[in-house]
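Notebook open, chain loaded. I'll jot down what I look up as I go.

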Amino acid sequence: VRHAAGSLATTVVGHEGLDGWPELLPRLLQLVEHAPPGPPLAPAAEGAYSALHKLCEDHTARLQLAVLP
């Protein structure tokens, strides 16, 4: 399920950009920031890291434009 969520996130960003899901990055970062110290990582934090990795890998240029206008 976590893998599918990461794939869904990268698909939405690929089609709509970050404007298509403005809550995505803040929520993923929140899940990572509030994860209990591990290992092992909490499932939500692991899923968030995986989704962030996939987003960075698939949409580097789009993310750079969002951060550096």
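**Burial and overall make-up**

I started with burial: 25% of the 69 residues in the protein chain are buried (buried is under 20% relative accessible area, exposed over 50%, partly exposed in between, with a 1.4 Å probe and protein chains only). Ground rules for myself: this is a predicted model, where local features need pLDDT of at least 70, side-chain atom pairs count only at pLDDT 80 or more, and totals for chains, interfaces and linings use all residues. Residues are numbered from 1 along each chain as its sequence is written, and side-chain values use heavy atoms, with hydrogens and water left out.

Next I looked up the elements. I find four helices and zero strands in the protein chain, in the order α-α-α-α from the N terminus. Helices (H or I, at least four residues) and strands (E, at least two) are DSSP runs, numbered from the N terminus.

Then surface: the protein chain exposes about 4800 Å², and 62% of that comes from carbon and sulfur atoms. The areas are Shrake-Rupley values with a 1.4 Å probe; for residues, only the protein chains shown count as cover.

**Confidence**

I checked pLDDT, the predictor's confidence in each residue, from 0 to 100. The chain mean is 83, with 90% of residues at 70 or more.

**Contacts**

A contact here means heavy atoms within 4.5 Å. Of the contacts in the chain with a separation of 6 or more, 57% are between residues 24 or more positions apart.

I picked Leu55 in helix H3. Is Leu55 buried or exposed? Leu55 is buried, because its relative accessible area is 1%. Leaving aside neighbours within four places in sequence, I list Ala9, Thr10, Val13, Leu24, Leu25, Leu28, Thr60 and Leu63 as its contacts. Leu55 and Ala9 are 46 residues apart along the chain, yet their C-alpha atoms are separated by 7.5 Å.

From there I went to Thr10, in helix H1. Thr10 counts as buried because its relative accessibility is 7%. Beyond four places in sequence, Thr10 touches Lys54, Leu55, Asp58 and His59.

Lys54 also sits in helix H3, and its 23% relative accessibility makes Lys54 partly exposed. With residues up to four places away not counted, Lys54 touches Gly6, Ser7 and Thr10. I also noted Lys54 and His3: 51 residues apart in sequence, 9.5 Å apart C-alpha to C-alpha.

**Largest pocket**

Helix H1 (2-16), H2 and helix H3 (43-58) are the elements that give two or more residues to its lining. The lining has 16 residues, with Ala5, Leu28, Leu31, Gly47 and Ala51 nearest the centre. By class I count eleven nonpolar, two polar and three charged.

Pocket terms, for the record: on a 1 Å grid over the protein atoms alone, a pocket is an open set of points where a 1.4 Å probe fits, with protein on both sides within 12 Å along at least five of seven lines, and lining residues have an atom within 4 Å of a point. Ala, Val, Leu, Ile, Met, Phe, Trp, Tyr, Cys and Pro count as nonpolar, Asp, Glu, Lys and Arg as charged, and the others, Gly among them, as polar.
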